[in-house]
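Work through the exercises below with the sequence and the model open side by side. Try each task before reading its solution.

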Amino acid sequence: MQLCFRKLNPDNEEDIRQFNELMDDLSQRAEDQKVLKQKIEEINGQKNSWLMVAEDVERRKLCGSVIGVLFGDFCGSCQPVMVVENVVVHHQEQRKGIGRLMLQEIERWGKEHNASYVILCSGLNRTGAHEFYRSMGYGEVKGFKKYLK
């Protein structure tokens with residue numbers, strides 16, 4: 001399998017279809033395709049974020065996705081911090097090393113942008129994913145979440 005890491009193309013209908021399948025594996029697919037495309041364009045236009053997909057080049061299949069977002073920090077050296085969210089590998093592609101390669105690539109991007117550390121967000125019920133994150137060197141810390149609507 002030859003993987004490439006790239007931006008998601010909001011104008012490619014097959015990209016959108018496969019991306020929505022990935023979102024089903026994570027939580028649930030986007031309800032409105034127009035809103036989804038607008039959100040992807042918005043994220044792609046920001047230099048401090050990367051909505052990255054992992055594509056099996058030979059099969060033209062999206063195998064996984066992750067988003068990294070950099071934000072400023074005012075502590076210590078005032079280097080940026082990176083938040084990683086929506087990490088997902090298609091259920092048929094798990095345990096093939098794709099998740100590991102995706103995290104390594106998004107971490108490389110964060111280092112390239114001088115991020116001092118990564119905050120990785122994951123749902124409480126994703127216990128298998130949590131084991132994987134620990135194996136990648138992530139430590140578990142307590143966080144809080146509040147829905148605003």
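**Exercise 1. Strand pairing**

In which sense do strand 2 and strand 3 pair, and over how many bridges?

Solution. The model is a predicted one.
- Step 1: strand 2 covers 49-56 and strand 3 covers 61-71. They pair in the antiparallel sense, over eight bridges.
- Step 2: Leu-51 stands opposite Ile-67 of strand 3.
- Step 3: look at the connection. The two strands form a hairpin with four residues between them, and Arg-60 in the turn has a positive phi of about 55°.

**Exercise 2. The other partner of strand 3**

How many bridges join strand 3 to strand 4?

Solution. 
- Step 1: strand 4 is the run 81-89. Seven bridges join strand 3 to strand 4, and the two run antiparallel.
- Step 2: Nine of its 11 residues are buried, so strand 3 is largely enclosed by the rest of the structure.

**Exercise 3. The largest nonpolar core**

Which residues of the largest nonpolar core touch the most other members?

Solution. 
- Step 1: the core has 21 residues, and Val-84, Met-102, Leu-103 and Ile-106 touch the most other members.
- Step 2: assign the core to elements. Strand 2, strand 3, strand 4, helix 3 (98-112) and helix 4 (127-135) each supply at least two residues. Helix 3 gives the largest share, five residues.
- Step 3: Another core, of 13 residues, lies apart from it and includes Leu-8, Leu-36, Leu-51 and Val-88.
- Step 4: Leaving aside neighbours within four places in sequence, Val-84 is in contact with Val-66, Ile-67, Leu-103, Ile-106, Val-118, Ile-119, Leu-120 and Cys-121.

**Exercise 4. Strand 5 and the surface**

Is Val-118 buried, partly exposed or exposed?

Solution. 
- Step 1: locate the residue. Val-118 is in strand 5, the run 118-120.
- Step 2: apply the cut-offs. Buried means under 20% relative accessible area and exposed means over 50%. Val-118 has 26% relative accessibility, so it counts as partly exposed.
- Step 3: list its contacts. Beyond neighbours within four places in sequence, Val-118 is in contact with Met-82, Val-84 and Tyr-138.
- Step 4: compare sequence with space. Val-118 and Phe-71 are 47 residues apart in sequence and 11 Å apart in space, C-alpha to C-alpha.
- Step 5: Phe-71, Tyr-117 and Ile-119 make a nonpolar surface patch of about 270 Å². Tyr-117 lies in the loop between helix 3 and strand 5 and, at 43% relative accessibility, counts as partly exposed.

**Exercise 5. Positive phi**

Where are Asn-86 and Arg-95 found, and what are their phi values?

Solution. 
- Step 1: Asn-86 is in strand 4. Its phi is near 55°, a positive value in a residue other than glycine.
- Step 2: Arg-95 is in the loop between strand 4 and helix 3. Phi of Arg-95 is near 65°, again positive in a residue other than glycine.
- Step 3: Asn-86, at 30% relative accessibility, counts as partly exposed, whereas Arg-95 is exposed, with a relative accessible area of 87%.

Conventions
Residues numbered from 1 in each chain as written. Predicted model: local features only at pLDDT ≥ 70, side-chain atom pairs only at ≥ 80, totals over all residues. Heavy atoms only, no water. Core = buried A, V, L, I, M, F, W, Y, C linked by side-chain atoms within 4.5 Å. Buried < 20%, exposed > 50% of the residue type's maximum accessible area, 1.4 Å probe, protein only. Contact = heavy atoms within 4.5 Å. Pairing = 2+ DSSP bridges. Patch = residues over 30% accessible without salt bridge, like charges linked within 9 Å, V, L, I, M, F, W, Y side chains within 5 Å. Areas by Shrake-Rupley, 256 points an atom, 1.4 Å probe, with all protein chains shown as cover. Salt bridge = Lys/Arg side-chain N within 4 Å of Asp/Glu carboxyl O.
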